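Hi there,

Here is the structure I promised to pass on to you.

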Amino acid sequence: MEFVVGLTLGFMMYVFFRVVLTGFYVIPPDQRAVITTFGRADRLSNDFSEPLDDPNLTDEEKKRYTYPKVRVVGPGGPYFKMPWQQVHKVSVATRSVDLVWDPTKKQETIEAVTKDNLTTGVNGQIRYRVSENNMYAFLFGVESPLEHIMGYFVSVLRERIATFSDPKGASLLAKPGDEDDDARTSVDLSEGVSINDLRKNLPLLNSYMEEQCRCTPGRYGVELDAALITSIDPPPEVDRALSAINSTRNQVAADISTAQADAEQQITMSKRAVDIASNNAQAEVAPLRELARTLTQIKSEGGSTALHAYIRDMRVPLLARATSVVQTHEAK
């Protein structure tokens with residue numbers, strides 16, 4: 001009898017500690033939870049054939065990634081669970097991870113090959129958060145969803161770097177039949193194939209990566225918030241060569257700009273000199289033309305007598321200032 005009483009009391013204490021004390025749980029504001037009963041998640045729909053309503057997934061991906069919709073427990077509490085149930089808490093806050101993160105190895109940079117077969121080192125960060133609409137894929141779809149996300153991101157990044165060309169530089173390439181083929185310079189045609197194009201178009205590369213990773217919520221239950229590729233560095237010896245090339249290009253561009261500025265300045269000064277000479281000539285010619293019109297009018301109105309009288313009167317001020325006068329026979 002004592003054995004039965006002791007067994008009963010022990011069972012009641014076990015139930016108290018196992019069910020009552022450990023059966024209550026609280027969900028923090030930055031977390032969500034999924035309850036499993038005997039290892040099976042509480043589902044809102046048991047139909048696996050129903051694809052997720054994700055416009056970023058293709059028809060083939062919707063058939064491949066078919067996950068059931070589970071019941072998500074929001075923040076709050078205390079909640080109660082049975083002993084055969086398990087609470088899987090997941091943080092939905094936005095977190096960042098380095099691009100070089102890999103749980104299987106330690107690395108300082110991600111190697112990628114450019115279009116001109118140059119091995120470069122890429123560094124950066126990505127910001128992500130768990131998708132509440134597809135938590136089944138994050139918790140039960142793959143063993144390590146973040147590792148899958150990083151592998152997918154790096155593979156897309158390497159593919160993009162291997163095929164990347166500057167859109168602006170590509171438009172400068174000569175095409176048959178263009179009318180301005182002669183206007184294209186060797187400096188323009190050298191664009192579009194070097195690592196400089198990647199460095200100049202990092203925002204474009206980040207936007208492309210974000211666009212390509214919009215399907216990750218449907219695949220792995222992780223939403224990519226932003227991709228930030230901070231640096232793309234070639235080997236040191238290549239970087240020194242590129243620096244020398246860039247310095248030469250900048251010096252050539254500066255010399256061309258200086259020559260153009262000097263030429264424009266000389267042209268402007270020449271135009272101004274021509275205008276000044278024209279104005280001076282017009283200023284000298286204008287009194288003579290006016291005098292000619294005056295003399296013509298006097299002769300037409302008064303005849304030769306009036307013209308000689310006008311000329312005689314105009315000589316008087318000149319004779320007053322003259323020191324010597326030479327008079328010819330015709331002037332008498």
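**Strand β9 and its partners**

In β9, the residue bridged to V97 is I126. Before I go on: this is a predicted model, in which local features need pLDDT of at least 70 and side-chain atom pairs count only at pLDDT 80 or more, while totals for chains, interfaces and linings use all residues. Residues are numbered from 1 along each chain as its sequence is written, and side-chain values use heavy atoms, with hydrogens and water left out.

The V97 bridge belongs to β9, and strand β7 (residues 95–98) pairs with β9 (residues 119–130) in the antiparallel sense over 4 bridges. Strands here are DSSP runs of E with at least two residues, and helices are runs of H or I with at least four, numbered from the N terminus; two strands pair if DSSP finds at least two bridges between them.

Strand β8 (residues 110–113) is also antiparallel to β9, again over 4 bridges, and I110 has V122 as its bridge partner in β9. These two strands make a hairpin with 5 residues between them, and N117 in the turn has a positive phi of about 60°. β9 pairs with strand β10 (residues 222–233) too, in the antiparallel sense over 10 bridges, and there R127 stands opposite A226.

**Aromatic rings**

You will find 5 aromatic pairs in the structure (ring centres of Phe, Tyr or Trp, the last by its six-membered ring, within 6.5 Å; planes under 30 degrees apart are stacked, over 60 edge-to-face, the rest tilted). F38 and W84 are a stacked pair, because their ring centres are 6.1 Å apart and their planes lie at 5°. The pair links distant parts of the chain, 46 residues apart: F38 is in the loop between β2 (31–37) and β3 (40–41), and W84 in the loop between β5 (76–80) and β6 (85–91).

F38 counts as exposed at 69% relative accessibility, whereas W84 is partly exposed at 43% (buried is under 20%, exposed over 50%, partly exposed in between, with a 1.4 Å probe and protein chains only). Elsewhere, Y67, Y136 and F140 form one aromatic cluster.

R160 lies over the face of Y208, 4.2 Å from the ring centre (the cut-offs are CZ of Arg or NZ of Lys within 6 Å of the ring centre and within 35 degrees of the ring normal).

**One more residue**

M12 lies in helix α1 (residues 2–21) and counts as exposed, at 52% relative accessibility.

Happy browsing!
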